[in-house]
Every structure is written in C-alpha cells, then in structure tokens.
Amino acid sequence: MDELIQQFGQLRQQLKKNEVWRNVDFGTVLTDSMRLPHADEGGKYSFHCRVPNIDSYCVITENGYCHQSLMETSEGIVYGSLRAAKEQRADLVALVMGRGSGSDNPYRRMNDAGYSDGVFIYVPQGCHPAKPLQLLSLHTAEASLFMQCRNAIYLGDGSDVTIIHCDDSTNQHTGMSNNVTEMVMGSNAVADYYKLQNINDNSGLLNHTYVTLAAGAHLLSVGITLNGGTIRNHSEVSMMGEGCDVEADGLYINDHIQQVDNYIYVDHLHPSCHSRALYKGILDDAAHATFNGHVMVREGAAKTEAYQTNRNILLTDKATVATKPFLEIYNDDVKCSHGSSIGQIDDDAMFYLRSRGISEKSARTLLLYAFCDEVVGRIRLEPLRQRLSDLIKQRLHGELVVCAECALACNSHCGCSDSEFTIDPTLL
Amino acid sequence: MSLLSIRNLHAYIGEREILKGVNLDVERGEVHSIMGPNGNGKSTLAGVIAGNPKYTVTEGEVIYNGKNILDMPVDVRASEGIFLGFQYPVEIPGVSITNFMRTAVNEQRKYRGLDPLGAAEFLRLMEEKKKIVEMTTKLANRSVNEGFSGGEKKKNEIFQMAMLEPTLAILDETDSGLDIDALRIVASGVNQLRRPDNATIVITHYQRLLDYIVPDFVHILYEGRIVKTGPKELALRLEHEGYDWIRHEIDQQ
C-alpha cells in the first residue's frame, strides 16, 4: 500500500478524541491492493446526462483526473479541468483557491498537499446560465483506487446558477475519495447546489464542502445519499456579509452495514442572515448514521434566524443513529431552534393505509417516500426532482444498484413497479 | 347466508379483554347501528372486523361473505370489500390524497383481477365522488388529513368510501366532531352509497345521526357483549333515558 494511503488510514488515530471527526473511520475501506490513480486512466467515458429535459455544461472527473480542456461559453462561463485552469487562467483560480473559509483539519490538509485534479468553474458577475452546471466524479477504473479531487467554484456577484454534483461508482471496485469542493459566492449570488451520491458498498467518500457567501447571497443545497459503504459529508458554510440565506438539506437512505456521517457547520458572522438545515434519514439492516449539526451565531450577528433539524426512521433493531444538533449563540437578538428525532414507521398510519386495501409493502414505501419527499421537494430543478423521486422509490424497493452508469443516467432498472404513484397532484 | 356473521367473539388489547362474546348477523341491504357507553367495545369491534393488529382475537369467528376473515391481512379484507370509517382519521404528511386513493383503488382492482385505472379515468372518478360529500375545496391536493378540520376529516372518510365502493362499511363515530351541516352532508353521502347488495354498520352515541341514516336494527354493546337488539325506536329510548335501565335489566338477569 502506498505510504500516502497508509497515512490517510492512520488519521483516525489522531482524531479519535476529536468531537467532529471521531465517528468516522475510513481505515476499514482501505485495502492492500489500493493504489493512487494514474493520470492516463480514463478519459474514454463519454457522457451526456440522460435525465429527461436536463441539458448541462458537464465536467467529468474520472478516477481523480479531469480530461476536459478548459471551455469558455458565450456567456463567459469558464469550466473544465482544475489543472488546466491553473495553467491557463491562474487569475480566475486565485479567486477561489485559498480564499475559501472553513476550518483546518488533517484530511483537508492531505487533499491540499496531494490532490490530483478536479473541476474548476467560473461564473462571471450577473450571469444567469441557461443550463445547469454539472460535476460528475466517477470511479471507472478496474482497480482499487485512492483518489483526491479538488473542485473550485467561483460565482460572481449577482449570478444565479444551478449546480448538479454527482459521485458515482460504475463498478464494484473499492474506492476511497477524499474530495474537497470550495465555493465562493459573490454578493447577491444565488446558487442551487444539488449533491447526489451513489457509490458501491465497498467504497468510501469523504466529501468536504466549504462555501463562503458574500452579503445577500443565497445558497440552496440539497444532498442526497442513495448508497455508499462509508460516507462522510463535511460541510462548512460561512456567511461573510449581511442578509445571506442558507438552506442546507440532506437525505440519506442506507442499509446493510453502510455508514453515513453528516456534519454541517453554519457560521453566522453578520446581522440579518437566515439559515436552515433539515437532514432526514432512513436506516435499514445494520446501517449506522451520524448527524452533527453546529450553528455558530457570532457576537455581531444580530437578527439571526437559524433552524436545524434531524429526523430519522430506523427500520430494524440493529440500525443505529447518533444525532447531535448544536447551537452556539453569542448574540441576544436571535431566533434559533434545533431538534432531532429517531423513530419507527407509524403503526397507526400503516393500519390506515392498509385498511384501504394497500399492501404492506406499498404502504411502507408510500410512508417512507412521504418522509423523503420533504427534502426532495426542495429541489427546484423539476426534471431532477422527478428523476430523484423515481430513484428514491427504486431505492426503497431495493431495486437500485450500482451499475455501469451514473445513477441519474441509468435506465437499466427503471421498470419501477410502483406506477401507482405517478400522478402529479399539483396538476389537479 | 348472512353477509357478516360474528359468533362468540372474544378480543384483547394487551392483557385486557374488551370483547367478551359478541354475536352479530348483518344481511345485505341492511343498516345496523351499534350504540353503547364509552369503553364498552364498540371501536374494538370495528377494529377487529377491519383487522387492526393491535387487537388479539382469542375465541370465536367472523365470517364475511362466506369466508373466515380473522386470518386475512388488513389489506386483503379491504380488497374483499370491508371498509372502516375511522373515528380519528390518521394524518399522513407527504402522501397526497390523490396518490393514496389511486394506490388503494388500483391495488383493490388488482386483487379482483381488474386492470388499473388510467390517470384520466381516475381523475374523472375522483371528481364524481367528491360531489357525494360536497367537497368543493381542492381537498384532493393536500396530504392525507393533514391540517384538516374535524368536518373535513370525516367528509374525507366518506369520500374514500365512495371511491372504494365497499360491500360492508363500518362507520366508527362518523358523527363526532361534526356541525349540523357537515352531519347532514356526511349522512347524505352514506345514504347515496347504499345499495341492495351492501350493508352499513353505524357506530354512534347519538340518535341525531340516526335521523338521517335510518337503521334497520339498533344493538347495544355493553361490557363487551351485545346485550340488546331492537328496532330504530330503541335509539330514541336511549336518547331519553340513557343506559341505566339497560344496566338494571342486566343486573336482574
């Protein structure tokens, strides 16, 4: 095993007593045969997102490397490989790299020192791209890989952008990704950021997201974990000016012995900012989930509104959840709340549905789907919301698998049996 | 053969015996009313017939349409034509009434070997059935019972009954929480759904409902047994005199 990979596995020892990191153990994901990727592995994957009605500016990172040259659209959007961007547009890269906020930690330092490549996106001031931007991280190589990607996104003042970011495995090889995404949002910028994760049961993903918002910026972030061996979503959001708005929601559906750990830190530094985090999860078999939420309201952040909620459904006696919502407040003029719940499917609701002739399996799916819908319903990109609804139904039916495509594109198991839920009630 | 025939039914909730030997026969085309003081087993009887898993049947049988239904799962009983109108309809956030009803209607059709209803056909059916309970709001857009008033919840129960066209409907205190107008609408809905080949069991505390839904028989369920059966006038006597005379009669036996 490469020394770097060994070093990564040992970080767990250093961080065992660190409240923020102690729940994560990637040591179990690492294998003796795991190696670092080569720059020439991949680049053969041709992709267009097959979600009906989504046409996107798409950048693919394959096995840690991006093979797309830097593109510039007529709107002035620059996107493509981060390596290429550093060579050709160092001026733009400097707007993000090193300017992002968020705390230091050993995993992030490892990425700083050794990332291979990633995606760079620059959206100029006032730009409203006609198409969403899509980042796709794929593990396609027929080998166990340890990958470190770095993504840097700059959204100019007043821009309004939709970003879809997917992490997928296309085979059953073990992968470990230690990815860092930094996003800098200019004043009054609006970003809808959708994160979808569907990696295989053998793989690990440590996904750092550091977002910095200037005054008046608005971030909507919806993260959906459909599958994955060991996933840690580490998100830090800093509101660096007045009047920012952050809605950060998450949904995780895990079974077998999967582990998912969501950490979100929201920093209110200035007055009149609003934040909300809603994370919901369904745990089956012996899956384990952790939620750590931390809202920091600094002394100067008067008129802050901050809400944080984590709700979980456990389907078996062996599934477990550790949840810790947390508020830290240094100003008196604020409205804040936090809460969490862990429960089972409601027996009364089950009986009610079944008493109308709905089978146990369908009633269960209907209730679980309804539970998920609160988060999925936040997605404002309609075709994506529809597609994710279908994927979640498949996931709840146990029909979703990792295959040779990314989850959004894959059509191989879409003969979804529950056509009963196809009516869109908003059309009535 | 009776549509429903209950013999010596004993049922428990936890360690407590609630039904202590109920006997009841219901024929097609009939309306039966079950009355009785609180806590004497009326809702338990409704729940046992519908198949609520929180009750345990220890003795006796329930024959419906020639089949012993006690071993049937809840949803199979529903597909066989049994409908329970809930005293406290359950709120289910996130499940729209449309999806709920379409799933229910099509699963019942599947059970009976019928093709599922297409979207257009289904929506037409919904519009038609909404009229039966004078549902004018866009009630159908909303999550099942979420934020509904007491009256809306009960109307929604009868609307579901209209959609599913049961053979045996058991209405558990459908009149509780209704104002006069809502009571009239709900009762009129139930009457419109009466056919010669179906039957209705109405559980109520008040004669008032029976002015609208006129029963063929009134039963008094007392301490887990049906202790008296009579014509609709029996309900009037209860309204005037309460249950003391029943207690008195039983004590004398």
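Select helix H7 (residues 382-396) of chain A: this helix lies across strand E9 (160-169), strand E11 (190-198), E13 and E15 of chain A, at about 30 degrees to E13(A). Helices (H or I, at least four residues) and strands (E, at least two) are DSSP runs numbered from the N terminus. Axes are lines fitted to C-alpha atoms, for helices over the stretch in contact, with angles from 0 to 180 degrees between N-to-C directions; contact requires C-beta atoms, placed from the backbone, within 7 Å.

The model is predicted: local features need pLDDT of at least 70 and side-chain atom pairs count only at pLDDT 80 or more, while totals for chains, interfaces and linings use all residues. Residues are numbered from 1 along each chain as its sequence is written, and chains are lettered from A and ligands numbered from 1 in the order in which they are written.

Next, display the sheet of chain A. Ten strands form an open, mixed sheet in the order E2-E1-E6-E9-E11-E13-E15-E17-E19-E22, where pairing requires at least two DSSP bridges between two strands. Strand E2 (65-66) and strand E22 (334-343) of chain A are at the edges with a single partner strand each, so one side of each has no neighbour in the sheet. Colour strand E19 (residues 304-314) of chain A and E22(A): the two run parallel and are joined by ten bridges. Within this pair, Tyr307(A) stands opposite Ser337(A) in E22(A).

Then select Ser56(A), in the loop between helix H1 (3-14) and strand E1 (57-62) of chain A. Ser56(A) is buried, with 20 other C-beta atoms within 10 Å; the cut-offs are 20 or more such atoms for buried, 12 or fewer for exposed, and partly exposed in between, with C-beta atoms placed from the backbone. Buried residues make up 52% of the 428 residues in chain A.

Finally, show chain B against chain A. The contact takes 31 residues from chain B and 22 residues from chain A. On the chain B side, elements giving two or more residues include helix H2 (74-79), strand E7 (92-96) and helix H3 (97-111) of chain B. H3(B) gives the most to that side, with nine residues.

Terms used
Two residues are in contact if their C-beta atoms, placed from the backbone, lie within 7 Å.
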